[in-house]
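The sequence and structure come first.

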Amino acid sequence: MKHLLSTHKLYATIFIGVVIASLGRIPLGTFNNASPLDTFSHFILPATGAPLVVVYLATRDVVRMHNRLAFVFITVLLGTSVEAIWEIEEFIIDALFTLQWQLGNTDTMIDVILAVAGSAVGAIIFTKIYKEYTNEK
């Protein structure tokens, strides 16, 4: 894991920075406020996190990448799945603690769409930077 983060510093640094900024809103009581950071997070976290997880899974022989399309496809599936799980967690937290982390159906759908787009864009850029994951030179 340490090797993965040091080899992919750009993606890891952006991911960690956005996670800290996003989660920092919880103790401030602003997590459920609509903000550009929320929109940014739902795009950037899948764009940077999903490719890193796919590479980690590939190093553990859980998934195999044969070309760029396979890498992008698996990354989009992973990023979208994690976003769906996050939205379910928000729903459960809202129901249990009478909070309003989910601002409504439109907000949730925009978050999911941003995750799909972010995962795709992040994977495509990743394969341009790190060609060894696509078997292309």
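For the classes used below, Ala, Val, Leu, Ile, Met, Phe, Trp, Tyr, Cys and Pro count as nonpolar, Asp, Glu, Lys and Arg as charged, and the others, Gly among them, as polar. By these classes, the lining of the largest pocket holds 19 nonpolar, five polar and five charged residues. The model is predicted: local features need pLDDT of at least 70, side-chain atom pairs count only at pLDDT 80 or more, and totals for chains, interfaces and linings use all residues. Residues are numbered from 1 along each chain as its sequence is written, and side-chain values use heavy atoms, with hydrogens and water left out.

**Largest pocket**

- A pocket is an open set of points on a 1 Å grid over the protein atoms alone, where a 1.4 Å probe fits, with protein on both sides within 12 Å along at least five of seven lines; lining residues have an atom within 4 Å of a point.
- The largest pocket has a volume of about 680 Å³, a volume being the space filled by probe spheres set on the points, which are joined across faces, edges and corners.
- Of its 29 lining residues, Phe15, Val19, Leu45, Pro46 and Val82 are the closest to the centre.
- Helix 4 gives the most to this lining, with 10 residues; helices here are DSSP runs (H or I, at least four residues) numbered from the N terminus.
- Helix 1 (2–7), helix 2, helix 4 and helix 5 each supply at least two residues of the lining.

**Nonpolar core**

- A nonpolar core is a set of buried Ala, Val, Leu, Ile, Met, Phe, Trp, Tyr and Cys residues joined through side-chain atoms within 4.5 Å; buried means under 20% relative accessible area, exposed over 50%, and partly exposed in between (1.4 Å probe, protein chains only).
- The largest core has 14 residues, and Leu52, Val54, Val55, Met65, Phe71 and Phe126 have the most contacts inside it.
- At least two residues of this core come from each of helix 2, helix 4 (36–59), helix 5 and helix 6.

**Aromatic pairs**

- Rings of Phe, Tyr and Trp (its six-membered ring) pair if their centres lie within 6.5 Å; planes under 30 degrees apart count as stacked, over 60 as edge-to-face and the rest as tilted.
- The count comes to three aromatic pairs.
- Tyr11 and Phe126 are edge-to-face, 5.0 Å centre to centre with 85° between the planes.
- This pair links Tyr11 in helix 2 (residues 9–23) to Phe126 in helix 6 (residues 105–129), 115 residues apart.
- Tyr11 is buried at 5% relative accessibility, and Phe126 is buried at 0%.
- Phe126 and Tyr130 have ring centres 4.6 Å apart and planes at 45°, so this pair is tilted.
- Tyr11, Phe71, Phe126 and Tyr130 form one aromatic cluster.
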